[in-house]
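User: I would like to learn how to read a few features of a protein model. Please take them one at a time.

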Amino acid sequence: MRTIKYGFYGEEDAQKIFLKNYLRHFSGVNFEQDEDFCRRYRARNKKQVDEKFRMVSQEGFLWYQHDVFFVGRDLDNHLQKDYTEKFTWFQECSHDRQKTLFMIPVQCIEHWLWYLKIKQDNPKLTKNESLEMKPRPDAKRAIYGMPEAINAVSNPIVNELTMQFEIEWLESRSDSFRHFHQQVQLFLTQFVS
């Protein structure tokens, strides 16, 4: 089994937990999160992610020998043009476009989690309802029971929701997740072959 060492720089623990559990779904490779790096480099907000991701990813590649680097940044709205602009901007500013992958949930990571919660609560549900246009506080309330939650409350919930889920199902619900998943698949095709 091939081990892939990765770094993560994002604005919250929920993104890091989602990523770690998502990466467990890939057979034939073992994604290994660089815990020391992630403790050392933590963004406090989206502004820090935007301003420092290039420098932080360079550190990861050069000094920590990461095979791939993930950047997590909530979009904060649901407009496709804003998503496209943010993704394009990240790519243009990136140190290594092939090995830096961008996780940009529409509005917030809790929208991806909301889809997973709905599937978990209603496994036979086939209705495809778009949640990403609903306000962020609604998504957070649906996941945590409140519009804002501290890490001690949110982290175990995120971990439980993401421990096992159907990638294909989430991909069929969320365009932003599908785009992220496609980046990972492309990286694996290039890296593992």
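**Reading the core, the sheet and the pocket**

Analyst: This is a predicted model. A place to begin is Tyr 22, which touches Phe 165, Ile 167, Phe 177, Phe 180, His 181 and Val 184, leaving aside residues up to four places away in sequence.

User: Which residues touch the most other members of the largest nonpolar core?

Analyst: Tyr 22 is one of them, together with Phe 18, Phe 31 and Phe 70. That core has 58 residues.

User: How do I read a sheet, and what is the strand order here?

Analyst: Strands of a sheet pair through backbone hydrogen bonds, either parallel or antiparallel. In this model, four strands form an open sheet in the order β2-β1-β3-β4, with parallel pairing. β2 (29–33) and β4 (100–103) are at the edges with a single partner strand each, so one side of each has no neighbour in the sheet. From one strand to the next, the twist averages 30°.

User: Over how many bridges do β1 and β3 pair?

Analyst: Five bridges join β1 (residues 2–10) to β3 (residues 68–72) in the parallel sense. Phe 8 has Phe 70 of β3 as its bridge partner, and Gly 10 stands opposite Gly 72 in β3. The pairing of β3 with β4 is also parallel, over four bridges. There, Phe 69 has Thr 100 of β4 as its bridge partner.

User: Are the residues of β3 buried or exposed?

Analyst: Buried here means under 20% relative accessible area. Five of the five residues of β3 are buried. Val 68, Phe 70 and Gly 72 point one way from the strand, while Phe 69 and Val 71 point the other way.

User: Is Lys 47 buried or exposed?

Analyst: The cut-off for exposed is over 50%. Lys 47 has a relative accessible area of 53%, so Lys 47 is exposed. This residue lies in helix α3 (residues 46–62).

User: Which residues are closest to the centre of the largest pocket?

Analyst: The largest pocket has a volume of about 360 Å³. Of its 20 lining residues, Glu 12, Asp 74, Glu 110, Lys 140 and Glu 148 are the closest to the centre. The elements giving two or more residues to the lining are α1 (13–23), α6 (136–144) and α7 (151–162).

User: Which element gives the most to that lining?

Analyst: α6 does, with four residues.

How values were computed:
Residues numbered from 1 in each chain as written. Predicted model: local features only at pLDDT ≥ 70, side-chain atom pairs only at ≥ 80, totals over all residues. Heavy atoms only, no water. Core = buried A, V, L, I, M, F, W, Y, C linked by side-chain atoms within 4.5 Å. Buried < 20%, exposed > 50% of the residue type's maximum accessible area, 1.4 Å probe, protein only. Contact = heavy atoms within 4.5 Å. Pairing = 2+ DSSP bridges. Axes fitted to C-alpha atoms, helices over the stretch in contact; angles between N-to-C directions. 1 Å grid on protein atoms, 1.4 Å probe; cavity = no way out; pocket = protein on both sides within 12 Å on 5 of 7 lines; lining within 4 Å. Points joined across faces, edges and corners; volume = space filled by probe spheres on them.
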